[in-house]
Amino acid sequence: MKPSTLAEAQNAIRHLVTAVANAGLYSPEHPQISRLCEASRRCFENLLCDKGILSLLMVEGDVLFDDFPLPSGLHTRKLARLMERRHIHRMVVTAGVQTEELQDLTTYLATRKSAGGNPPDHGHLRFESLTAPCPPGPDKPSGVPASGDGNPLHSVKVSGQHRLAEIFEGFVHKQPVRITGLSEVVSDFIHAFHREIPSLLTLMPLRAMDEYTFTHGLNVCLLNLAQAMHLGIKGELLHDIGVAALLHDIGKLSIPVDILNKPGKLDDREWELMKQHPTEGAKRLLDSPGVPQLAILTAFEHHIRYDLSGYPTVHNQWSQHLCSQMTTISDIYDAVRTKRPYSAPQPPEKCAAILQKMAGREIHPQLAANFLYLLENRQDQP
Ligand SMILES: [Fe+2]
Ligand SMILES: [Fe+2]
């Protein structure tokens, strides 16, 4: 496949998937969705000028464009997942495809599966299924165990926990971080947030003492995404903020578990070791191709305080990235809110009081206010 064709196919998919993500937020007529569908249509039209017909085949999370496998990326995986959840395995596009047809498809893919309905199989878009569709039921990603509470975000989190555990396991064995898997975890979260937001902050389970850093990473990821989305952050930056949160404590995997889980106070030697996890994490992430720069920076900066105290020590003109400062808040909240080897879990009111006290000194005052607003306006009490 020519590089220009490949790029055009990837662009067509990227615009379409972004339109679906936006359709979870806005009405189908929203100009943003029309604009994205029109951009996708133009790409399809360019691809169709030679032979008038093309096909996208979904195979276990990958997309084959006219039987040529596209490189696995955030948007191709998303499209495959969106389609496969609705038992669509092939989409055929013919010359003359209209923006409205892509808008109908976008609406269909963004609608909860449990709402039923058929794909808009008419005109210049055709869909084929290789299996018989299941009866309508709760929307649940394939392969994810039932959560029991019917909350799709919970299911996504369970799935994310398994994937993250595998990735971190590899990291312990000195393998580079697999950014592909991490991106999937984050985009699943973002997608679930867009579609169903009962209360982001009540979904964190209490953490058992012997659980690993990945559980904390997932909690901090959820909290970071909640903060960032409430600030209106979208797209690639939102994604990178989520990935950075997942990886912020990855340097802790170099620290012996008995120190990490020590019930009492750390001695001087243990504390010195513990304080190395930000630099250790950043160094290791630098060696992992594809990891966003923001994740490296956040791993390094997340224990630096707003007044530049904390660790590692930095010069007094240091400017801490907003993502690191969000992560600091999420990190503190999760540490206080959940059960630790050395402390009992605290109720949300107590956590809020702690953050309030730190605001303007150890944590960014406006970000703290944003976070406290989210806490106060959660819909359910844990
Ligand atoms: Fe940390
Ligand atoms: Fe942390």
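Student: In S2, which residue is the bridge partner of Val 59?
Tutor: This is a predicted model, in which local features need pLDDT of at least 70, side-chain atom pairs count only at pLDDT 80 or more, and totals for chains, interfaces and linings use all residues. Residues are numbered from 1 along each chain as its sequence is written, while chains are lettered from A and ligands numbered from 1 in the order in which they are written. Strand S1 (residues 53-59) and strand S2 (residues 62-65) pair in the antiparallel sense over four bridges, where strands (E, at least two residues) and helices (H or I, at least four) are DSSP runs numbered from the N terminus, and pairing requires that DSSP find at least two bridges between two strands. In S2, the partner of Val 59 is Asp 62.

Student: Which are the edge strands of the open sheet of five strands?
Tutor: The sheet has antiparallel pairing and the order S3-S2-S1-S4-S5. Pairing on one side only marks the edge strands, which are strand S3 (68-69) and strand S5 (125-128).

Student: Is His 87 buried or exposed, or does it count as partly exposed?
Tutor: His 87, in the loop between H3 and S4, has a positive phi of about 60° although it is not a glycine. A residue is buried if 20 or more other C-beta atoms, placed from the backbone, lie within 10 Å of its own, exposed if 12 or fewer, and partly exposed in between. Because His 87 has 17 C-beta neighbours inside 10 Å, it counts as partly exposed.
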